[in-house]
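The structure to which the text refers is shown first.

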2 protein chains.
Amino acid sequence: MASYVFGVDIGGTSVKIGLFSAEGELLDKWEITTRTDDGGAYILSDIAASVTAKMEEKSLAKEDVIGVGMGVPGPVRDDGTVIKCVNLGWGVFNAAEELSRLLDMKVKVGNDANMAALGEMWQGGGKGHANIVMVTLGTGVGGGIILDGKMLAGVNGAGGEIGHMTMDINETDICNCGKKGCLEQYASATGIVRLANKALNDTDRPSKLREVQYISAKEIFDAAKSGDELASEQVEALGKKLGLAAAQIACVVDPEVFVIGGGVSRAGQIILDVTEKYFRQYAFHACRNTTFELAVLGNDAGMYGGARAVLG
Amino acid sequence: MASYVFGVDIGGTSVKIGLFSAEGELLDKWEITTRTDDGGAYILSDIAASVTAKMEEKSLAKEDVIGVGMGVPGPVRDDGTVIKCVNLGWGVFNAAEELSRLLDMKVKVGNDANMAALGEMWQGGGKGHANIVMVTLGTGVGGGIILDGKMLAGVNGAGGEIGHMTMDINETDICNCGKKGCLEQYASATGIVRLANKALNDTDRPSKLREVQYISAKEIFDAAKSGDELASEQVEALGKKLGLAAAQIACVVDPEVFVIGGGVSRAGQIILDVTEKYFRQYAFHACRNTTFELAVLGNDAGMYGGARAVLG
């Protein structure tokens, strides 16, 4: 009886691959390089070769494997059609069909942030829930929405693209997406650093951050935890935008729990506290008690989600 | 073979009931009074009696009827549990089970705005689509979300409660829900009148609206269509808030189409134009081309949705 699944998470520099039991135990994980030359033409065949090699190593027959689930860094339709992955050089094509043809196996493909959300629902911060919104605070802000245990892909693959919700129509700086005032400009690692540098440059207020040459999000959170006023204000500003966005999202999909992950979430409880504070203030009364949890799977969440997706 | 369905829409003063063919044709419709005394204890038995009487009148046997679908003015969980309907005097109970017991039939219950969205998807402005967001601009602002042909109820029955998305954290006036800055405060009939009166009182700028004793939303739209500058600014302000909210919603559920209904939508094309204008400005590029349509079923949308819901 088939009882193994592979979870794959394609990033711009490396592809993470995990071998899982159908019950959700990570049995083995490894990485291969993402070859982005020739429009990313070798990525799927490299993955197929690596999966096949691992099956040989572990003496797994095709009948032992349920399938492969894969997250990609770009919008993906429900049927596995990738709309474009700029980082990989990919245009528009059905990545699920292509990898399925190469491996002769069931393949499920989704957006990486949606896959991470599914992974956290399965074995992470959202375990025990079937309706979660995951927010990934990294270099950018990603999001993934799971309703009734299924990823919300969206008609244009933009379901859960909450990093690009317009949160300030008066913003003058431009987001990577070309718009102005996106959540990502305030709640990402890049965003909080941008705002801290602005505050440092615009005033001569004292702050521990003035002793640091290149400020990172971690230093801002550490300074805030040790009582630095200017740093604390940056954390408050992040929580205010993120709490407001979460309150708006709750009026749309009304989830059981928000799971916060990504590099910025390593700041820990402080990020939950400040986000919840503003969420409670801005949320509609019926969903004001929705809870917030930290993600626990880190960079493995996408692999977990891929494996979970192929289990159906 | 069963080939008829009843659609019911409970309002604060009357209950609308429709008899439909399974193909979606409205064969008969009528209203009964909503008896809100004794905590709304008679509402469901009145509906059951009215449905039974209609079946006798039309010589329909129980086997001819697939079931009854019903929209109620308050939050409802997927299983038919009403969380509270202040207007009806209802507390928390399973209205679907109760009506099903009274009629010995399959019953599906949902929030009235969600039911209206389902109705518009079936036979209205969203016909041909399976993923729609309906926005109802009436005295308040309601919303309903249909994904893959199914209502998004939400864990607390607050799915699609987009009228209470916080759109301006600096608002000082209070919304009916107790918060400040809800979409409903700007995009409802009440909201646009509130803002127009403010503009008239705060300045002495000329406007046709000064000739009207009690301004309604219709008069504001009519004045805007005839070139009145102050009225046009109010319509722009409504479109700006509604377009921004729609852009945020699109980053969450990424629908095929937004359907705009309710009394304010009788203003027609002008409301689509002004909303789309700001939506295109604030929307993420992947979902920037999402279309906007006017609702077509008017006050019958909820009945249509009820009938559609029970078809599964």
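## Salt bridges

B:Asp28 counts as buried because its relative accessibility is 18%, where buried means under 20% relative accessible area, exposed over 50% and partly exposed in between (1.4 Å probe, protein chains only). The model is a predicted one, in which local features need pLDDT of at least 70 and side-chain atom pairs count only at pLDDT 80 or more, while totals for chains, interfaces and linings use all residues. Residues are numbered from 1 along each chain as its sequence is written, chains are lettered from A and ligands numbered from 1 in the order in which they are written, and side-chain values use heavy atoms, with hydrogens and water left out.

B:Asp28 forms a salt bridge with B:Lys58, the closest N and O atoms being 3.6 Å apart; the term stands for a side-chain nitrogen of Lys or Arg within 4 Å of a carboxyl oxygen of Asp or Glu. B:Lys58 lies in the loop between helix H2 (43-57) and strand S4 (65-72) of chain B, and B:Asp28 in strand S3 (residues 26-33) of chain B, so the pair ties together parts that are 30 residues apart in sequence; helices (H or I, at least four residues) and strands (E, at least two) are DSSP runs, numbered from the N terminus. B:Lys58 is partly exposed, with a relative accessible area of 36%.

In chain A, A:Lys58 and A:Asp28 also form a salt bridge, with the closest N and O atoms 3.6 Å apart. This pair links distant parts of the chain, with A:Lys58 in the loop between helix H2 (43-57) and strand S4 (65-72) of chain A and A:Asp28 in strand S3 (residues 26-33) of chain A. A:Lys58 counts as partly exposed at 36% relative accessibility, whereas A:Asp28 counts as buried at 19%. Within helix H3 (residues 95-103) of chain A, A:Glu98 and A:Arg101 are three residues apart, about one turn of the helix, and their side chains meet in a salt bridge of 3.1 Å, N to O. A:Glu98 is partly exposed at 28% relative accessibility, and A:Arg101 is exposed at 57%. Over all chains, a search of the whole structure finds 32 salt bridges.

## Contact between the chains

The contact takes 43 residues from chain A and 43 residues from chain B, contact meaning heavy atoms within 4.5 Å. About 3000 Å² is buried between chain A and chain B, and carbon and sulfur atoms give 65% of that area; buried area is the accessible area (1.4 Å probe) that two parts lose on being put together, summed over both. A:Val252, A:Asp254 and A:Phe284 supply 20% of the area that chain A buries against chain B, more than any other three residues.

What is the count of salt bridges between chain A and chain B? The count is zero, although 21 residue pairs are in polar contact across the interface, both residues being at pLDDT 80 or more. A polar contact is a pair of N or O atoms within 3.5 Å; within protein, one must be able to donate a hydrogen and the other to accept it, and residues adjacent in sequence count only if both atoms are side-chain atoms. On the side of chain A that touches chain B, two or more residues come from each of strand S9 (141-147), helix H8 (229-253) and helix H9 (269-282) of chain A, and H8(A) gives the largest share, eight residues.

## Aromatic pairs

The structure holds 18 aromatic pairs over all chains; rings of Phe, Tyr and Trp (its six-membered ring) pair if their centres lie within 6.5 Å, and planes under 30 degrees apart count as stacked, over 60 as edge-to-face and the rest as tilted. The rings of A:Trp122 and A:Tyr304 have centres 6.4 Å apart and planes at 70°, so this pair is edge-to-face. A:Trp122 in helix H4 (residues 112-123) of chain A and A:Tyr304 in helix H10 (residues 301-311) of chain A are 182 residues apart. A:Trp122 is buried at 13% relative accessible area, as is A:Tyr304 at 12%.

## Single residues

A:Asp38 has a positive phi of about 50° although it is not a glycine, and A:Asp38 is exposed, with a relative accessible area of 55%. B:Gln185 is buried at 6% relative accessible area and lies in helix H5 (residues 184-187) of chain B.
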